[in-house]
Amino acid sequence: MSRRLATLAAVLALGSIMVVSGLGLQAIPKQDVLGKQLLYLPTPEILKLASLGNQGLMADLLYMWSIQYYSQFSLDEKFLYLETVFNLVTDLDPRYFDAYRIGALIMSLQKSGDPAQHKAAVVRLYDKGIANMPGSWELAEVAAWDAHLVLNDQELAVRWMKTAAERPGAPPEVKRVYGRWRDNIHGWTIDDSIAYWEGVVAEATRKADINLATSHLYDSYATLHRRSLDPLLASIRQRTGQCPESWQELVEQGLLAEVPLDHLGNPYGVDPSTCTLVARKRIRWD
Amino acid sequence: MRAVAAIARNTFREALRDRVLYLFLGFAVLLLVCSKLFGLLTVGDEGKVIKDFGLAGIQLFTMLIAVMMSVLLISREVDSRTVYNILAKPVRRWQFLIGKYLGLLATVAVNLALMTAVLLLVTVVYLREFDAGLLFAAAMTLLEMALLTAFATLFAVLTRPMLGTVFTLAVFVIGHVAEDIWLLTQHVDSGIARPLVAALYAVLPNLERFNFKAEVVHGLGVSSGEVALTVIYGLAYTALVLVLACARFRTKDLV
């Protein structure tokens, strides 16, 4: 009995010492000077060998570690090896969607260093992911939105959204966003824009998608028509000192063969204050 | 065949009585259930982490069960001299060995099936999805374990249990880095070294052939031709190793 008590006492005493010392150690902050943990990162080749066929698991572990590591914003130097770490994760699992997305997000958040270099690293990571996942439109779309909203680079956003729109299975929304962004930056000729939107309308199957694409097609046609008709209005105002009230006036004067119609077959109007073409888009949404 | 079946049945029963088996199985089930915790640590697709952990856990614990049980069960028969009683009956040595192997394989298969069922349950409960691809990955792992168990059986008749365990683990490791041996042939310039390395690659088992985990986790397609060739490769290699084991066991001095 006494031996049992002695054993129990010893266990309790040793357990107490262990717990107290553990708590004491916990109170001492572990410093990672200049991100020294990262200096010993193995190469992807070594990690692949060490994983014994479980590269996906190895990528998960490294990814989870990187999230914990980079979520502590105490040392700017932690970002020194950011690209290396996420390259390692994505070398181990080239189809790791979240690693590309979160890696790029962390890269774009870092404050220290050269922003141009950070942006270049984000572009490299996304380009790598887009190349490694040829069947996926999702990553290219995420990249495009990041370029649009975070990096504020509209041309890059258009490039990635184009990739997303051209990938198999891309929804109509992605194709519309690409066309609209491309229109916004005037990244193509008006004829190319019309050809693109006509393709989107032809591909669309749902009524809402057809209407939305038709709306964009309407705008492109209106832009095309403005280019030819607005100079005519301007020259008449210059010549006569007043703007025509309608296109019918020009037809009656023999300057036009007929009243110009919009893409939906409705006549255009004239805005007397600016003396320009007015397009009244009427699409039935029901 | 009746003798083989009887020995296989007894080996299976004997294995089920072994506590080591339940220890491994318990750890495996715990790991599978806890994979949800790892999933919580990630940002994004929790399902990928759960499946990666689950499939890797199944492979690791099935491998440990296959290696430990194979080497122990055969050496135990020799050490306890029960092998003499069996071989004194109209049972040939190869029948004894194949019976042992099949019994062990059945044990491994049942354990793997249990772990796979737990993983499927985990994915249904946590992810609300039934991924039939996990069954395919598990079936390929079973094929890999069939080959590994054959190696364990070979080493069990060739050497002592401890060495046999080490050798089988070495086969597991080498089998998973065999692809790199092939890559080595691309970098070797010397005239004689290249065919030597290529021959080494051809002889060593390539266990990465059975690895379809990435395809399953990412939902990628696998061609039926590749699956068929993998099955043929696995069965042929397993049969070859068992023939070698039987040949050695036929002339082995059991005294």
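Visitor: What volume does the largest pocket have?

Guide: A pocket is found on a 1 Å grid over the protein atoms alone, as an open set of points where a 1.4 Å probe fits, with protein on both sides within 12 Å along at least five of seven lines, and its lining residues have an atom within 4 Å of a point. Grid points are joined across faces, edges and corners, and the volume is the space filled by probe spheres set on the points. Here the largest pocket has a volume of about 680 Å³. This is a predicted model, in which local features need pLDDT of at least 70 and side-chain atom pairs count only at pLDDT 80 or more, while totals for chains, interfaces and linings use all residues; side-chain values use heavy atoms, with hydrogens and water left out. Residues are numbered from 1 along each chain as its sequence is written, and chains are lettered from A and ligands numbered from 1 in the order in which they are written.

Visitor: Which residues lie nearest the centre of the largest pocket, and which helix gives the most to its lining?

Guide: The lining has 29 residues, and Gln55(A), Glu208(B), Asn211(B), Ala214(B) and Glu215(B) lie nearest the centre. Helices here are DSSP runs (H or I, at least four residues), numbered from the N terminus. α10(B) gives the most to this lining, with five residues. To describe the lining by class, count Ala, Val, Leu, Ile, Met, Phe, Trp, Tyr, Cys and Pro as nonpolar, Asp, Glu, Lys and Arg as charged, and the others, Gly among them, as polar. The lining of the largest pocket then has 10 nonpolar, eight polar and 11 charged residues.

Visitor: What does the second largest pocket look like when it is read in this way?

Guide: The second largest pocket holds about 320 Å³ of space, and among its 17 lining residues, Ala6(B), Ile7(B), Asn10(B), Glu77(B) and Ile86(B) lie nearest the centre. α1(B) gives the most to this lining, with seven residues, and by class the lining divides into six nonpolar, four polar and seven charged residues.

Visitor: How many residues does each chain bring to the contact, and how much area is buried?

Guide: Contact means heavy atoms within 4.5 Å, and buried area is the accessible area (1.4 Å probe) that two parts lose on being put together, summed over both. Chain A brings 19 residues and chain B brings 22, and the area buried between them is about 1,600 Å², with carbon and sulfur atoms giving 62% of it. On the side of chain A, Leu52(A), Met64(A) and Arg95(A) lose the most area to chain B, together 32% of what that side buries.

Visitor: How many salt bridges lie between chain A and chain B?

Guide: A salt bridge is a side-chain nitrogen of Lys or Arg within 4 Å of a carboxyl oxygen of Asp or Glu. There are two between chain A and chain B, and Lys48(B) and Asp93(A) meet in a salt bridge at 2.9 Å, N to O.

Definitions and conventions. Helices (H or I, at least four residues) and strands (E, at least two) are DSSP runs, numbered from the N terminus.
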